[in-house]
Amino acid sequence: MIAEAGLAALWLAAAMALFQLALGALALGRGRQSLGSAMVPVTLVQAALVSIAMACLIAVFARSDMSVLLVASSSNPAMPMLYKVAGSWGNHEGSMLLWVTILGIAGATIALFESKLRADTKLATLAAQGAIALGFYAFLLFSSNPFARLTDMVEPQGLNPLLQDPGLAFHPPTLYAGYVGMSAAFSFAVGALVTRNVGSDFAGAMRPWILGAWIFLTVGITAGSYWAYYTLGWGGWWFWDPVENASLMPWLAATALLHSVTVLATRDGLRAWTVMLAVLAFSMSMVGTFLVRSGILTSVHSFAVDPRRGIFILALLAIYIGGALALFAARIGTVTEGNRFDMVSREAALVVNNLILTVILVVVMAGTLYPLILEATTGAKISVGAPYFNSVAGPLALILLVLLAAGPLLRWRADLPKLVVERMAPALFAGAAALLLLAIFGGRIGVLPLLGLVVAALVAVASLAPLWKRNLKRTPLFTYGMVLAHLGCAVSIAGMACDAAFTRENMVSMAANDTREVGPFAVTLLGVRERPGPNYQALEAVLSVSRNGGAPFPMMPQLHQFSDPQMTTNEAAIDTFIDGQLYLTLGEDSDGTHFLLRMWWKPFITLIWIGGALIAAGGGLSLLGRVRRDVWNNRWPWQKAGGRKADPAPEGAA
Amino acid sequence: MKALSAALLLLIAVPVTAQAQDYAEVSLADPAKEAQAVALMDSIRCVVCQGQPISGSNADLAGDMRRMIRERIAAGESPEQVRTWLVSKYGDWVTFKPEVKSETMPLWLLPLLALTGGGWLVARRLKGRKA
Amino acid sequence: MTRKLILWLPFALIALLFLAFFAGLMRPDDHVIASQMVGKPLPEFVAGPAMPGQPGAATADFSDGKPRLLNVFASWCVPCVQEIPMLLRLRAKGAEIDGIAIHDSSAELEKFLAANGNPYTRIGLDEGGKAQMAFGSAGVPETFVVDGTGKILYQHIGVVTEEDMPKLLAMLGVKP
């Protein structure tokens with residue numbers, strides 16, 4: 001019954017989405033203004049219905065209702081409850097339902113809380129949200145019904161063991177929240193184009209959504225990277241795998257958008273470009289979903305795939321993105337250009353930031369998609385991986401970081417190069433000091449990691465400079481947010497460079513009581529024992545580790561043998577120190593007396609994710625600052641007119 | 001005689017992994033050569049599992065490739081020689097480092113085009129400004 | 001005019017991208033990594049005997065003027081079981097088939113062949129996948145056609161089925 005109720009809720013939600021689209025078309029196209037007032041309630045009802053559908057799906061998974069096809073094929077009553085619940089979005093149908101649920105909730109949030117936007121633009125925005133949702137409802141109902149009942153016997157598969165991890169409970173919802181946030185930005189852009197209202201008001205309304213989506217994407221990518229790092233068991237944290245690239249592409253576009261929308265909101269410049277980027281960022285998140293879902297690319301993280309669904313999603317994408325770009329091309333001509341800017345100014349820095357981010361996006365896209373295009377056209381198979389991305393995107397990223405150091409120190413409109421260099425002096429000094437230290441103590445390290453560390457030092461100091469000589473109490477929250485996010489970039493890059501430059505690795509075959517070394521650690525194998533798990537058999541190595549001859553401590557990497565489906569996974573033992581992580585995994589082959597151990601000492605690698613967390617936290621502070629100021633301004637409307645324009649604080653990039 | 005041949009066979013049959021130095025899973029003693037080998041392994045695609053480099057795959061053939069790479073590097077071959085050998089067997093697909101040739105040019109041309117095109121657009125926005 | 005063209009550029013690019021996606025979907029990746037050794041002489045390899053009473057295989061065995069099949073298989077490989085009857089039929093028609101067993105052991109092989117039949121003239125035990133890599137073989141089962149001069153004519157990836165029989169027989173110069 002629950003499944004049928006869910007399906008009914010899904011159909012009704014689809015009807016509401018259609019209703020939203022129709023209301024928008026009638027109110028704006030036919031001038032029936034009065035119809036517009038129904039938009040908000042309809043949007044809310046749609047959100048409620050789709051949430052009910054999602055709740056029903058979670059319920060059938062939690063109860064392990066094996067008469068539902070999806071549950072029978074992708075869940076297992078023996079799994080722990082958390083994975084059962086998370087399993088409801090660990091598969092294709094469920095993840096699409098989750099997507100559209102978050103979309104519905106986002107629509108409701110716009111309907112309830114967006115008050116700055118012109119009424120007709122808001123109406124058009126909600127209609128666009130309805131149109132996007134409608135496509136996904138059609139997709140769910142016609143080609144991937146999550147509530148279908150079991151008709152034939154299916155081979156029960158269980159959830160892929162690699163996905164049986166708390167990470168699954170949080171990772172996809174986070175990324176989807178980010179993607180959906182981009183869809184809100186897209187809807188705003190479409191609404192602004194339809195109602196010819198591309199200006200700073202629109203930018204101000206769109207900005208919190210971009211910021212929110214960007215925070216989710218940042219958290220999703222950071223957490224996903226850490227998840228892959230500890231579950232795959234090979235010590236890598238980024239593989240330039242198509243699925244990872246699919247999540248990186250929208251992040252790059254969103255980062256560019258975040259910066260360009262600031263120019264639009266503050267200086268009323270970059271109008272067309274910002275609208276373009278909003279469309280691009282959404283396109284990238286959709287293309288990402290498409291790439292992952294259609295199985296068009298092979299990946300480590302692949303889910304089950306079905307080409308027919310691919311065609312369906314592709315058709316949807318073609319309608320949305322093609323439609324939006326056609327609308328853009330047709331309408332943007334009527335949007336005036338907005339303010340121009342000087343070569344040395346904060347606007348110029350932000351424009352160059354956008355240019356470089358876009359070029360990096362092109363690099364990631366080319367590397368991910370070109371093999372596909374080449375194979376489709378000539379049949380030739382090539383692989384593009386880390387060596388290409390690192391060597392092409394790496395230098396671009398370093399240039400971007402240097403710009404990041406300078407950007408916030410530039411004034412809006414125009415600035416003097418001499419003064420900029422003066423403001424940059426401490427940062428340049430820090431970079432030079434880092435270079436000197438590395439030359440003396442760093443040993444032999446590659447060019448890219450070396451430059452990475454130097455630039456990280458430079459950016460770390462420069463990112464704090466906007467707070468220099470300022471009244472810290474009167475500095476707005478979003479400036480702190482920017483400082484924190486930029487500092488996070490420096491921290492993250494430092495971690496990546498340290499990993500590339502200083503990692504020590506030792507792969508060994510050990511018998512009991514053997515001792516092997518990795519970096520400053522001596523690892524002794526005490527023994528190996530079997531341990532039963534809830535739905536797997538584990539082999540556990542008991543190791544005694546000592547650092548530089550200090551007091552020994554135990555570490556216990558495991559090997560998990562799953563039977564349903566048959567698969568072996570590594571459960572790494574990871575110990576975190578103030579200056580890095582020791583990462584040990586137990587290998588598969590053994591002859592009963594000798595065991596294979598892979599050992600890595602990764603100095604400062606944690607900085608990668610700490611940096612990611614700082615970036616997201618910076619975004620959070622900015623969002624809080626923006627929202628608080630908006631609420632503040634709304635509470636005292638008489639301050640609103642003068643308050644915004646007279647704001648003396650030079651705004652941060654975020 | 002029979003017992004002897006049986007013993008010999010047993011020797012053959014015992015998996016190579018049982019020996020102490022199976023380079024599929026065990027590092028080379030020389031850290032510089034090991035670093036070269038690992039860098040190469042990170043950029044060779046596992047032909048069985050599709051999406052992973054052989055350095056991060058549990059597939060048997062990936063292990064065989066790691067062993068072959070470590071043995072060849074230990075014997076003095078350069079990583080690029082080994083890569084070329086693998087490409088001569090499995091084609092361009094096996095390497096994550098695309099060779100620069102006419103087929104793969106767009107990988108570098110597209111970003112370059114984006115950079116120059118974008119640069120041109122930005123310059124246009126600057127020029128119109130009064131001094 | 002230029003502005004107008006620039007504005008339609010994103011649309012054009014996305015349209016192109018989607019065309020490529022469409023082409024990719026229509027022609028899904030076959031996940032087949034073909035050997036680059038087809039058309040080239042069989043590489044040097046020596047695979048010792050896998051079991052008593054049956055010789056191992058080496059490159060030298062493949063230039064005696066007689067075309068042969070070189071079957072890459074393993075006792076642990078499930079699909080390999082399916083193709084043994086086909087190989088037995090090929091052998092009955094006069095085809096010479098040599099086997100290379102990958103990651104295998106004598107005991108397992110003997111069990112496998114006793115249960116399914118033995119179509120092989122020689123069986124070499126491939127140590128550490130050396131021969132497999134030399135052939136550019138990416139998995140099991142795979143079947144190479146090697147002509148009388150020791151040149152690889154053809155690579156068949158996957159199980160040999162009924163439909164593949166005439167083609168293989170023709171390449172071996174055996175009348176069906």
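Colleague: What share of the contacts in chain B with a separation of 6 or more comes from residues 24 or more positions apart?

Modeller: That share is 50%. A contact means heavy atoms within 4.5 Å. This is a predicted model, where local features need pLDDT of at least 70 and side-chain atom pairs count only at pLDDT 80 or more, while totals for chains, interfaces and linings use all residues. Residues are numbered from 1 along each chain as its sequence is written, chains are lettered from A and ligands numbered from 1 in the order written, and side-chain values use heavy atoms, without hydrogens and water.

Colleague: What makes up the secondary structure of chain B?

Modeller: Chain B has 5 helices and 0 strands. The pattern along the sequence is α-α-α-α-α. Helices are DSSP runs of H or I with at least four residues, strands are runs of E with at least two, and both are numbered from the N terminus.

Colleague: How much of chain B is buried?

Modeller: Buried residues make up 44% of its 131 residues. Buried means under 20% relative accessible area, exposed over 50%, and partly exposed in between (1.4 Å probe, protein chains only).

Colleague: Why is Ser67(A) called partly exposed?

Modeller: Its relative accessibility is 31%. That lies between 20% and 50%, so the label is partly exposed. Ser67(A) sits in the loop between helix H2 (39-62) and helix H3 (69-74) of chain A.

Colleague: What makes the pair Ser67(A) and Arg149(A) a polar contact?

Modeller: Their side chains come to 2.4 Å. The rule asks for N or O atoms within 3.5 Å; within protein, one must be able to donate a hydrogen and the other to accept it, and residues adjacent in sequence count only if both atoms are side-chain atoms. The value is inside the limit, so the pair counts. Beyond its neighbours within four places in sequence, Ser67(A) is in contact with Arg149(A) and Leu150(A).

Colleague: How do you know how much area chain A and chain C bury between them?

Modeller: Buried area is the accessible area (1.4 Å probe) that two parts lose on being put together, summed over both. For this pair the sum is about 2,200 Å², 79% of it on carbon and sulfur atoms. In chain A, Leu314(A), Ala329(A) and Lys381(A) lose the most area to chain C, together 20% of what that side buries.

Colleague: How many salt bridges cross the interface of chain A and chain C?

Modeller: The count is 0. A salt bridge needs a side-chain nitrogen of Lys or Arg within 4 Å of a carboxyl oxygen of Asp or Glu.
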